[in-house]
Amino acid sequence: SKTPVGFIGLGNMGNPMAKNLIKHGYPLILYDVFPDVCKEFKEAGEQVASSPADVAEKADRIITMLPSSMNSIEVYSGANGILKKVKKGSLLIDSSTIDPSVSKELAKEVEKMGAVFMDAPVSGGVGAARSGNLTFMVGGVENEFAAAQELLGCMGSNVLYCGAVGSGQSAKICNNMLLAISMIGTAEAMNLGIRSGLDPKLLAKILNMSSGRCWSSDTYNPVPGVMDGVPSSNNYQGGFGTTLMAKDLGLAQDSATSTKTPILLGSVAHQIYRMMCSKGYSKKDFSSVFQYLREEETF
Ligand code: NAD
C-alpha cells in the first residue's frame, strides 16, 4: 500500500483534488482551518490532522491548496506551520496561486530544512479538478519533477515543467490575466446580444462555432441557463471566487511592473474585479461579471 500524502486546504479546488488522490489509492492526512470541510473525508475514513505541523509529522509528501500568499506563508512558516516538523527529504508542493517571490522565499526556507519545495499552480477550474483533468504548471529543481509528477498526474492530465521555483506561478499569472480578459469580453458580448434581442443559448452556440469562441464562452459560459453544471447556472456559487481573480490580476500587475511590460487590458480587468469585490460579488464565482454588467445601463 502507498504511504500517506498530506493535503492542506480543502476548498473548491482542494476537495475534488484530494478525492482524486484517494481514488488512486493514496491515504490522506488532511488539514483545513475550517474544520467542517474535513468532515466528509473523516467520515470516509481519512485521517484529519490538528495543524500543518501535525501533517508534516505524519506525511513526507504534502500538497497545499490555499487562497493566497498570506495563507501559504502561514501554513509553511507559521507558529504551527509545516516547517516546524518537516522531515528531511520531504516533498512539499504548493498548488495555490501566489506571488512567485513568495514561492522562492518558501523554497529557501524549506531547503534549509533539507526538504524540497515546488510551486505547482493549476488551471482548469472545479470541473477539471473533479474529472482529474487539471493542468499543473510546475517550478522547482528539475530532478525532483518526476516525484511531483507521480502525485500531480493523479489530479491532472497535463503536468508541465516550467523551470526554476516560481516559474509555475509566472505561467499561471499569464493564464489568469488572459482568462479574466476573456471572461469580461464574453460577458460583454453576451449582454450586448441579449439586449439586442438575441436568444442567449443561440448566441452562445454561434460564438462557439465562430472566431470569438474561448473557454469562457464554451466551457464556463457566464450567462445563467446557457450551460448546465457551471457556476452561472447555480447562482454563481462555488467555482473560482471574484476575490481570487482580483488577487491574480494584482499579481499580474506586480509582474508587469517588475518586468516593465504593458498590460493595458489586464489593468482594466483588475479594476473591474476590484470594484466587484466592493459591491457584494467577492464570494461569487468570477463569471458573475455578467450579472455585474447586467446591472449597468448606460446612456
Ligand atoms: P477556496 O477559498 O475555495 O479554498 C481554500 C481553502 O483553504 C479553504 O477551505 C480555507 O478554509 C483553506 N485555508 C485558508 N487558510 C488556511 C490555513 N491557514 N490553513 C489551512 N487551510 C486554510 O479556494 P479555491 O477556489 O480552492 O482556490 C485555491 C487556490 O487555487 C487559489 O490560490 C486559487 O487562486 C487557485 N485556483 C482556483 C481555481 C478555481 O477554479 N477555484 C482554479 C485554479 C486555481
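Author: Two residues count as in contact if their C-beta atoms, placed from the backbone, lie within 7 Å. Keep that in mind for helix H1. The model is a predicted one.

Reader: What makes residues 14-23 a helix, H1?

Author: A helix here is a DSSP run, H or I, of at least four residues. H1 runs over residues 14-23, so that cut-off is met.

Reader: Which residues of H1 are buried, and what does the word require?

Author: Buried means that 20 or more other C-beta atoms lie within 10 Å of a residue's own. In H1, Gly14, Asn15, Met17, Ala18, Lys19 and Leu21 are buried, so each of them reaches that count.

Reader: What do the buried residues of H1 pack against?

Author: Two strands, S1 (5-8) and S2 (28-31), are among the partners. The helices H2 (39-43), H6 and H7 (145-152) are partners too. After H1 comes Gly25, with a positive phi near 90 degrees.

Reader: What makes a group of residues a nonpolar core?

Author: Its members are buried Ala, Val, Leu, Ile, Met, Phe, Trp, Tyr or Cys residues, joined through C-beta atoms within 7 Å. The largest such core has 57 residues. Phe7, Leu28, Leu30, Val55, Ile82, Leu92 and Phe117 touch the most other members. Beyond four places in sequence, Leu30 contacts residues including Phe7, Leu10, Ala18, Phe41 and Val48. A second, separate core has 30 residues, among them Ile173, Ala180, Ala204 and Val289.

Reader: Why might nonpolar residues gather like this?

Author: In soluble globular proteins, nonpolar side chains tend to be buried together.

Reader: How do you know where the domains are?

Author: The bounds come from an automatic or database domain assignment. That assignment gives domain 1 (5-164) and domain 2 (170-294). Their C-alpha centres lie 27 Å apart. Contacts link 12 residues of domain 1 with 13 of domain 2. The touching side of domain 1 has six nonpolar, five polar and one charged residues. An unreviewed UniProt entry annotates residues 5-163 as "domain: 6-phosphogluconate dehydrogenase NADP-binding". That span is 37% helix and 24% strand.

Reader: Where does the ligand lie relative to the two domains, and how do you know?

Author: Both domain 1 and domain 2 give residues to its shell, so the ligand lies between them. The shell has 28 residues, of which Gly9, Gly11, Asn12, Met13 and Phe240 come nearest. By class, the shell holds 15 nonpolar, 10 polar and three charged residues.

Reader: Which element gives the largest share of the shell?

Author: Helix H4, with three residues.

Notes: Residues numbered from 1 in each chain as written. Predicted model: local features only at pLDDT ≥ 70, side-chain atom pairs only at ≥ 80, totals over all residues. Nonpolar A, V, L, I, M, F, W, Y, C, P; charged D, E, K, R; others polar. Near = placed C-beta within 6 Å. UniProt positions renumbered as here; feature names shortened; annotations may be inferred. Buried ≥ 20, exposed ≤ 12 C-beta atoms within 10 Å, placed from the backbone.
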